[in-house]
Amino acid sequence: MKITLNGKEILVGNPLSIVALLAEHDLDSTRVAVELNREVICANAFATTLLSDGDSLEIIHFVGGG
Amino acid sequence: MDKLVIAGREFSSRLMVGTGKFSSHAAMVAALEGAEAEIVTVALRRVDIDNPDDDMLTHIDRNKYLLLPNTSGARDADEAVRLARLARAAGCEPWIKLEVTPDPYYLLPDPIETLKAAEILVKEGFNVLPYINADPVLAKHLQEVGTVTVMPLGAPIGTNKGVRTREQIAIIIEQAIVPVVVDAGLGAPSHAAEAMEMGAAAVLVNTAFAVARDPGAMGVAFKKGVEAGREAFLAGMGEQRDRAEASSPLTGFLHD
């Protein structure tokens, strides 16, 4: 299926949970925040939230800032 | 120095430090330690999926510092609210430095969108610290909706020009019912001291540390500036006058 991840369209397997997607990209789930179709997903729901075709996902983390 | 209290929480340090633009994580940590900061700002950005870089949070001891995420990059209230919610979801305490800066050249904050976002975030339980132009009327409106500080700029972000908005900040301080934190534009310890002498509750500094040859030593220098300014404010400074007033006795001269 096709999803938009951080503004970029990518093809991923189906089914796919958020936790699996993070693992695929070597991202530590305790160090990021995730927005799915503009709704914030709590970390404790990463494992149970399955992605659907056409979903738009933002994965953000902390960087230096003033 | 007396304690700073924001939203019922006590801080020993009145110098908040930003973590952007440092040449290395080590330089950033040196500035935090030199400044003896307790409140540290960070930004939120998309992860670069193809090149996930070194995670900055591994360098910041979250038991020692209150992490204050900002909403930098937000161009309107909607984006700022999204970023604040994401910061909370990423495990931050519900403290947010609210920044809405649609103008890329001067990075001046949008007062209307900032007020809109503040109202929403206060209702959602955030402690909101809004970055604003030095506008006393806006500062009042923000306090009325329940922000826990106001953060007027001394000069545009990263300009190192000092407290150019002095007269306006003085009015904000005079009328404030929450701590006033002078944020942005402070390039020298004397700028920080000036803000504190005026009665600011705290200052926030980033660029001055990040561009210093020795960020750690600059942290120490600003800490001293902040402390000197605060102590002078508490001690009560003399008023400026136009004519001289002798310090030495005006009697017993040789020609009397």
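Which residues of helix α1 (residues 25-35) of chain B are buried? They are B:M28, B:A30, B:A31, B:L32, B:G34 and B:A35. A residue is called buried here if 20 or more other C-beta atoms lie within 10 Å of its own, exposed if 12 or fewer, and partly exposed in between, with C-beta atoms placed from the backbone. Helices (H or I, at least four residues) and strands (E, at least two) are DSSP runs, numbered from the N terminus.

The model is predicted: local features need pLDDT of at least 70, side-chain atom pairs count only at pLDDT 80 or more, and totals for chains, interfaces and linings use all residues. Residues are numbered from 1 along each chain as its sequence is written, while chains are lettered from A and ligands numbered from 1 in the order in which they are written.

The buried residues of α1(B) pack against elements of both chains: β5 of chain A, and β3 (15-18), β4, α7 (207-210) and α8 (215-235) of chain B. After α1(B) comes B:E36, which has a positive phi, near 50°.

Chain B as a whole has eight helices and ten strands. Of its 256 residues, 47% are buried. Its C-alpha atoms fill a box of roughly 85 × 40 × 35 Å along the principal axes. The radius of gyration of chain B, 20 Å, agrees with a compact globule, because 256 residues in that form would give a value near 18 Å. That radius is taken over C-alpha atoms, and the globule rule is 2.2 Å times the number of residues to the power 0.38. Two residues are in contact if their C-beta atoms, placed from the backbone, lie within 7 Å. Among contacts in chain B between residues at least 6 apart in sequence, 63% join residues at least 24 apart.

Next, a helix pair in chain B. The axes of helix α2 (residues 77-89) and helix α3 (residues 111-123) of chain B come within 8 Å and cross at roughly 40°. Axes are lines fitted to C-alpha atoms, for helices over the stretch in contact, and angles run from 0 to 180 degrees between N-to-C directions. From α2(B), the residues making the contact are B:A77, B:A80, B:V81 and B:A84, and from α3(B) they are B:E113, B:K116, B:A117, B:I120 and B:L121.

Where the two chains meet, 21 residues of chain A are in contact with 27 residues of chain B. On the side of chain A that touches chain B, the elements giving two or more residues are β3 (33-36) and β5 (56-64). β5(A) gives the most, with seven residues.

Strand pairing (at least two DSSP bridges between two strands) also involves β5(A). Five bridges join β5(A) to strand β4 (residues 39-46) of chain B, and the two run antiparallel. Within β4(B), B:R45 is the bridge partner of A:H61. In chain A, four bridges join β3(A) to β5(A), again antiparallel, and A:V34 has A:I59 as its bridge partner in β5(A). Strand β1 (residues 2-5) of chain A runs parallel to β5(A), with two bridges; here A:T4 is partnered by A:S56.
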